[in-house]
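The following exercises are to be worked with the sequence and the three-dimensional structure at hand. Each task is followed by a solution in steps.

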Amino acid sequence: MDITSPKILKLKGALFLLLGVLSGALLLFPDYDPRRLVLFAITLWAFCRAYYFCFYVLHHYADPSFRYAGLWSIVQYLFKKRQP
């Protein structure tokens with residue numbers, strides 16, 4: 001069942017943000033090291049770019065006819081052998 005209520009969708013987004021902030025704080029603060037902060041920021045940036053690639057670039061630039069249902073369908077699409 002899809003969530004269609006705007007209030008519930010906003011709450012879900014806020015909970016994801018809270019989860020990210022809390023988990024990031026738990027990773028960084030017990031043994032704070034500037035290198036760890038930099039690596040964490042690079043990791044976060046790289047995953048955000050990968051997400052953008054999967055759900056925007058592939059659809060809008062690489063193959064506009066491609067329809068996906070999640071990450072698994074993207075993996076299948078990327079490794080599927082093309083017919084000439």
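**Exercise 1. Salt bridges**

Task: Determine how many salt bridges this predicted model contains, and classify the partners as buried, partly exposed or exposed.

Solution. 
Step 1. The criterion is a side-chain nitrogen of Lys or Arg within 4 Å of a carboxyl oxygen of Asp or Glu.
Step 2. The partners are Asp33 and Arg35, whose side chains meet at 3.2 Å, N to O.
Step 3. Exposed means over 50% relative accessible area, and buried means under 20%. Asp33, at 25%, is therefore partly exposed, and Arg35, at 61%, is exposed.
Remark: side chains of opposite charge can pair when their charged atoms come close.

**Exercise 2. Aromatic pairs**

Task: State how many aromatic pairs a search of the whole structure finds, and describe the geometry of the pairs that involve Tyr56.

Solution. 
Step 1. The search of the whole structure gives three aromatic pairs. One of them joins Tyr52 and Tyr56, with 5.2 Å centre to centre and 20° between the planes. Planes under 30 degrees apart count as stacked, so this pair is stacked.
Step 2. Tyr52 and Tyr56 both belong to helix α2 (residues 34-62); because they are four residues apart there, about one helical turn separates them. Tyr52 is partly exposed at 34% relative accessibility, and Tyr56 is likewise partly exposed at 32%.
Step 3. Tyr56 also pairs with Tyr61, at 6.1 Å centre to centre and with 70° between the planes. An angle over 60 degrees counts as edge-to-face, so that is the class of this pair. Tyr61 is exposed, with 60% relative accessible area.
Step 4. Taken together, Tyr52, Tyr56 and Tyr61 make up one aromatic cluster.

**Exercise 3. The nonpolar surface patch**

Task: Identify the residues of the nonpolar patch on the surface and the element from which its largest share comes.

Solution. 
Step 1. The patch consists of Phe53, Trp72, Val75, Leu78 and Phe79, which together have about 570 Å² of accessible area.
Step 2. Helix α3 (residues 71-79) supplies the largest share, four residues.
Step 3. Phe79 is located in helix α3 and is exposed, with a relative accessible area of 69%.

**Exercise 4. Confidence**

Task: Report the mean pLDDT of the protein chain, and state which elements have the lowest and the highest mean values.

Solution. 
Step 1. The chain has a mean pLDDT of 86, and 95% of its residues reach 70 or more.
Step 2. Among the elements, α3 has the lowest mean pLDDT (84), and helix α1 (residues 6-28) has the highest (92).

Note on methods
Residues are numbered from 1 along each chain as its sequence is written. This is a predicted model: local features need pLDDT of at least 70, side-chain atom pairs count only at pLDDT 80 or more; totals for chains, interfaces and linings use all residues. Side-chain values use heavy atoms; hydrogens and water are left out. Rings of Phe, Tyr and Trp (its six-membered ring) pair if their centres lie within 6.5 Å; planes under 30 degrees apart count as stacked, over 60 as edge-to-face and the rest as tilted. Helices (H or I, at least four residues) and strands (E, at least two) are DSSP runs, numbered from the N terminus. Buried means under 20% relative accessible area, exposed over 50%, partly exposed in between (1.4 Å probe, protein chains only). Patches are made of residues with over 30% relative accessible area and no salt bridge: like charges are joined within 9 Å, nonpolar side chains (Val, Leu, Ile, Met, Phe, Trp, Tyr) within 5 Å. Accessible areas come from the Shrake-Rupley method with a 1.4 Å probe; for residues, only the protein chains shown count as cover. pLDDT is the predictor's confidence in each residue, from 0 to 100.
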